[in-house]
Protein chains: 2
Amino acid sequence: MKRLGIENGALDAVDARIVALLADNARIPTAELARSVGLSAPSVAERLRRLEDSGVIEGYMARIAPAAIGYPVSAWLRVRPVPGELKRVAEIIRSIPEITECDRITGEDCFLARVRVASVADLERLLDQLVPYAMTNTAIVQSSPVLPRLPPLAPAA
Amino acid sequence: MKRLGIENGALDAVDARIVALLADNARIPTAELARSVGLSAPSVAERLRRLEDSGVIEGYMARIAPAAIGYPVSAWLRVRPVPGELKRVAEIIRSIPEITECDRITGEDCFLARVRVASVADLERLLDQLVPYAMTNTAIVQSSPVLPRLPPLAPAA
DNA sequence: TCTGAAATAAAACCTAC
DNA sequence: GTAGGTTTTATTTCAGA
């Protein structure tokens with residue numbers, strides 16, 4: 001069977017199932033994956049290795065409850081650097097460990113950053129680091145109607 | 001040793017290392033975790049079980065390259081429901097599988113949603129589902145200066 | 001690209017300390 | 001929390017189709 005590269009957006013049905021299962025529980029043993037997809041363990045192990053090597057699977061992470069590790073407050077920051085300070089702002093963002101995720105986006109705002117903090121006072125201190133070089137807009141997270149999930153996986157035709 | 005619950009935001013040093021290791025690679029075998037933290041395997045297995053049961057570890061997920069599964073375009077949607085339609089909008093958001101994450105937030109906008117689509121045309125079709133009940137603001141993701149990561153883990157004193 | 005067999009390694013479970 | 005022992009499972013490697 002012809003195998004398609006990462007840009008094609010098409011996995012065969014078995015790979016799609018493997019990916020979906022791992023997206024839901026990254027710690028299932030390979031042997032159990034094999035049973036679920038109806039192939040032998042070595043065969044699934046090799047598919048896994050290929051999915052990793054080709055970049056389809058970027059890695060495996062534990063989801064940690066932020067409140068459990070001292071960060072009960074989450075917020076989203078929209079960050080608009082003042083003219084000429086984009087690079088410096090990007091650098092500051094990367095250097096703040098409480099910023100756990102950040103995308104560069106189109107539109108008025110340049111960056112959208114997720115922050116995890118222990119308190120609103122900490123949030124204030126964090127924002128102060130950006131104030132000289134950027135305008136910010138902060139929105140506190142109240143709840144999460146959609147938790148991280150995969151979009152639909154369409155197997156190859 | 002007294003073990004603290006999820007709300008305390010304090011793990012002992014060993015649990016903190018286990019959590020950090022798993023956040024980085026959720027598929028490390030328990031035996032290897034044990035070697036890394038200098039405890040026996042059964043002991044680490046029990047800590048793991050407790051971290052899972054207490055909700056510190058919410059789960060394990062594979063990170064999948066969206067482009068590899070057919071979604072090269074990512075965008076953030078800020079969604080402001082028209083008065084009286086908040087619940088309906090929340091329902092629509094949950095029902096759209098291309099919305100892979102959504103937080104309810106404070107401020108003018110009610111929801112912040114991450115969408116993964118195959119094309120801008122698909123994005124348009126997606127937005128059309130919300131148009132009757134909400135005002136939306138869309139920002140396309142250009143790059144990700146900070147990939148998902150853990151905030152600093154402070155072990156208990 | 002798959003299966004199946006064999007060897008190595010690890011997990012799960014137990015008891016005693 | 002460790003140590004030891006046992007059973008069950010999983011991983012890896014390789015031959016062969």
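This is a predicted model: local features need pLDDT of at least 70, side-chain atom pairs count only at pLDDT 80 or more; totals for chains, interfaces and linings use all residues.
Of the atoms of DNA strand D that lie within 4 Å of the protein, 90% belong to sugar or phosphate, and the rest belong to bases.

Which residues surround DNA strand D? From chain A they are Pro29(A), Thr30(A), Ala31(A), Arg35(A) and Pro42(A). From chain B they are Leu39(B), Ser40(B), Ser43(B), Arg47(B) and Arg50(B). Sorted by class, this surface has four nonpolar, three polar and three charged residues.

Let me turn to the phosphates of the strand. In chain A, an N or O atom in the side chain of Arg35(A) is 3.1 Å from a phosphate oxygen of DNA strand D. Two elements give two or more residues to the surface near DNA strand D, namely helix 2 (30-37) of chain A and helix 3 (41-53) of chain B.

I move now to the contact between the two protein chains. Chain A contributes 67 residues, and chain B contributes 67 residues. The area buried between them is about 6,200 Å², and carbon and sulfur atoms give 55% of that area. On the side of chain A, the residues that lose the most area to chain B are Arg27(A), Met61(A) and Arg63(A), together 13% of what that side buries.

How many residue pairs are in polar contact between chain A and chain B? The count is 43, with both residues at pLDDT 80 or more. Several elements of chain A each supply at least two residues to the side that touches chain B, including helix 1 (13-24), helix 4 (86-95) and strand 5 (134-146). By class, that side of chain A divides into 41 nonpolar, eleven polar and 15 charged residues.

The strands also pair across the two chains. Strand 3 of chain A and strand 5 (residues 134-146) of chain B run in the antiparallel sense over three bridges. Within this pairing, Ile105(A) has Val141(B) as its bridge partner in strand 5 of chain B.

I close with charge pairs. Side chains of opposite charge can pair when their charged atoms come close. Between chain A and chain B there are eight salt bridges. In one of them, the side chains of Asp109(A) and Arg78(B) meet at 3.9 Å, N to O. Over all chains, the structure holds 28 salt bridges.

Note on methods
Residues are numbered from 1 along each chain as its sequence is written. Chains are lettered from A and ligands numbered from 1 in the order in which they are written. Side-chain values use heavy atoms; hydrogens and water are left out. A residue is near a molecule or strand if one of its heavy atoms lies within 4 Å of it. A polar contact is a pair of N or O atoms within 3.5 Å; within protein, one must be able to donate a hydrogen and the other to accept it, and residues adjacent in sequence count only if both atoms are side-chain atoms. Helices (H or I, at least four residues) and strands (E, at least two) are DSSP runs, numbered from the N terminus. Ala, Val, Leu, Ile, Met, Phe, Trp, Tyr, Cys and Pro count as nonpolar, Asp, Glu, Lys and Arg as charged, and the others, Gly among them, as polar. Contact means heavy atoms within 4.5 Å. Buried area is the accessible area (1.4 Å probe) that two parts lose on being put together, summed over both. A salt bridge is a side-chain nitrogen of Lys or Arg within 4 Å of a carboxyl oxygen of Asp or Glu. Two strands pair if DSSP finds at least two bridges between them.
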